[in-house]
Amino acid sequence: MSIAYLNGRFLPLADAQVSVLDRGFLFADGIYEVAAVIDGKLVDSAAHLARLERSTAAIGIALPLSAKEIEAAQKALIARNGLNEGLVYLQITRGADAMRDFLPSPAIQPTLVMFVADKPFLDAPAVRTGIAIATMPDLRWARRDIKSVGLLAQAMAKRAAADAGCQEAWMVEDGFVTEGASSTAFIVTEEGIITRPYSQAVLAGCTGSALTTLAQESGLSVIRRPFTVDEAIAAREAFITSASTLCQSVVRIDGQMIGDGMPGPVAMRLRALYIDFARATAV
């Protein structure tokens, strides 16, 4: 039986109930984070909690616990569920009010919920085969640097990608790839590794940030600039990063083969470097 955390209590996931008047449900007025778990430990926890603090501060939600207390609760949740490899999902909303109103009452208290998912991603079949990407217009709001629970555009993109036989969607705006529906987008060319610079147009990915540092430390060139879909299709390699995939090779974009159609050496090297980093620094 899966155990969840809800506002200071550990309880069966099926019993973790939130009011229908919660602003996360009514207005998508909330923030979420997803952290990987390897060998029963949290990966890159400090980066995820720092981003949580940035996002909640940006929309004016006060964390009910300190970052250290949240991490302790996550670790306790992992232990209670006996999770060895997978994900911890965390969501904080502005809370439930007495009535639905665009302006919350001054006395409103945040809702904090966490649960885990068992997901074997270290040796997933896609690591050996690579994945396919479908591109589509970026229909999201302007503040994509805030990790909002408002994910309708991403959910629609994922559905369209799946209908096209693909495993992820890349969003395109003004001719340039912004990011994946739930990942950071990278390509590899003769210039080096190329990925979009951080701004309000994209989410600063924790996995992508750590992987970029590892790439530079190992002597690989990383260029932060926008790239087009045509550049990506012509690239030597393409890959995505996220907490749920780590570093995953992309072998097709809109039906066009990338490189030789197999996971490339740069992405596979970076994946190995990231896994070593994750195991050495997990808490």
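**Note on pockets and cores**

1. The second largest pocket is lined by 18 residues. Lys119, Ile131, Ser244, Thr245 and Gln248 lie nearest its centre. A pocket here is an open set of points on a 1 Å grid over the protein atoms alone, where a 1.4 Å probe fits, with protein on both sides within 12 Å along at least five of seven lines. Lining residues have an atom within 4 Å of a point.

2. This is a predicted model: local features need pLDDT of at least 70, side-chain atom pairs count only at pLDDT 80 or more, and totals for chains, interfaces and linings use all residues. Residues are numbered from 1 along each chain as its sequence is written, and side-chain values use heavy atoms, without hydrogens and water.

3. Now the largest pocket. Of its 34 lining residues, Tyr32, Lys147, Ser182, Ser183 and Leu203 are the closest to the centre.

4. Which residues touch the most other members of the largest nonpolar core? They are Val43, Phe121, Ile193, Phe239, Leu270 and Tyr274, out of 28. Such a core is a set of buried (under 20% relative accessible area, 1.4 Å probe, protein chains only) Ala, Val, Leu, Ile, Met, Phe, Trp, Tyr and Cys residues joined through side-chain atoms within 4.5 Å.

5. Look at Phe121. Leaving aside neighbours within four places in sequence, its contacts (heavy atoms within 4.5 Å) include Ala36, Leu87, Val127, Ser244 and Arg271.

6. A second, separate core has 21 residues. Among them are Ala35, Leu49, Val88 and Ile146.

Technical notes: Buried means under 20% relative accessible area, exposed over 50%, partly exposed in between (1.4 Å probe, protein chains only).
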